[in-house]
Amino acid sequence: MIGSYPNTRLRRARAHAWSRAMHRETMLTPADLIWPLFVTSGQGVEEPIASLPGVSRWSVDGIVARAKEAINLGIPCIALFPNTPSDQRSEDGAAAYDPDNLMCRAIRAVRDACGNDIGILTDVALDPYTTHGQDGLLDGRGYVSNDDTVAVLVDQALNQAEAGADIIAPSDMMDGRVRAIRMALEMGGHPNVQIMSYAAKYASAFYGPFRDAVGSGGLLKGDKKSYQMDPANGEEALREVALDIQEGADSVMVKPGLAYLDIVWRVKERFDVPVFAYQVSGEYALIEAGAAAGVGDRDALVMEKLVAFKRAGCTGVLTYYAADAARLLNG
Ligand code: PBG
């Protein structure tokens with residue numbers, strides 16, 4: 001039941017800042033943010049990414065500096081993505097399970113420098129390592145074959161766990177990979193390594209700048225529609241989430257973010273599992289372009305979008321704005 005005017009005037013509570021603060025339903029804090037970082041080769045290297053203004057690839061030493069920055073800002077976790085040198089990319093993406101690949105070197109360096117003061121989330125999928133830019137192994141006809149890919153993803157996940165990753169995040173959308181990775185982690189002496197599955201990941205047009213960042217964009221022929229989800233589907237997302245929970249995911253992710261907040265909400269309503277969303281590269285780039293074009297104040301645009309994730313039910317958000325937003329939140 002709701003009262004009627006004038007007994008009820010909802011504007012009463014909005015009249016002053018103290019009252020608005022007191023009635024605020026959703027809190028965004030730096031602890032809600034996961035910061036994706038791109039790793040590149042070399043020492044002392046920062047490479048700005050043109051399609052992702054304000055975001056750079058960093059060599060391992062720079063990643064360590066970002067990790068320390070995150071700790072100081074109260075950001076609990078970083079997510080690492082490598083820009084694999086082109087001479088280490090191959091048809092089968094074997095560099096993904098090389099214990100000395102960029103990812104593993106970055107994981108070890110952050111662990112050495114920061115101990116357990118920050119979580120390290122690592123992406124499992126072959127696209128940063130393959131010459132064709134697909135997330136898995138191709139059969140003779142250009143189709144990404146499921147079960148052969150899962151076997152390799154297990155090797156990749158174990159490789160990351162052995163280097164010291166805290167959260168394995170399979171972003172490949174193969175069927176059955178969460179179970180296979182969970183079993184391998186259990187058997188391989190990593191029972192406390194978490195899995196955050198990209199459970200509902202859509203075949204989205206919003207990933208373009210990310211593919212530039214990891215250097216797979218120019219290589220990719222065709223699309224990823226035979227494994228990533230159709231943007232028109234919601235029921236199917238719930239089935240994906242149910243399966244991943246059953247297979248051993250500790251938390252699930254919806255990706256992209258803003259255009260899929262209904263999915264976040266439905267997952268949250270249906271399942272008792274932490275749900276994260278990924279505000280992807282194209283979402284970030286659109287906000288930057290909008291702010292540059294005078295659509296509105298950049299910081300206000302950023303914070304309004306981030307709080308929307310929390311309001312929709314997210315436990316946390318992967319966002320390239322993590323550091324900037326944490327600075328704003330910390331005043
Ligand atoms: C790779 C992966 C992608 C993203 C995260 N992991 C791209 C893709 O699926 O093509 C996108 C992230 C972003 O756009 O910010 N499997």
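Reader: What radius of gyration does the protein have, and what would a compact globule have?
Author: The protein has 20 Å, which agrees with the value near 20 Å for a compact globule of 331 residues. The radius is taken over C-alpha atoms, and the globule rule is 2.2 Å times the number of residues to the power 0.38.

Reader: Where do the coordinates come from?
Author: This is a predicted model: local features need pLDDT of at least 70, side-chain atom pairs count only at pLDDT 80 or more, and totals for chains, interfaces and linings use all residues. Residues are numbered from 1 along each chain as its sequence is written, and side-chain values use heavy atoms, leaving out hydrogens and water.

Reader: How many helices and strands are there?
Author: Eleven helices and ten strands. These are DSSP runs, numbered from the N terminus: helices are H or I with at least four residues, strands are E with at least two.

Reader: Now glutamine 156. Where is it?
Author: Glutamine 156 sits in helix H4, residues 146-163.

Reader: Is glutamine 156 buried or exposed?
Author: Buried, because its relative accessible area is 0%. Buried means under 20%, exposed over 50%, partly exposed in between (1.4 Å probe, protein chains only).

Reader: What is glutamine 156 in contact with?
Author: Beyond its neighbours within four places in sequence, its contacts are Ala96, Tyr97, Asp123, Val124, Ala125, Leu126 and Tyr129. Contact means heavy atoms within 4.5 Å.

Reader: And what share of the whole protein is buried?
Author: Buried residues make up 55% of the 331.
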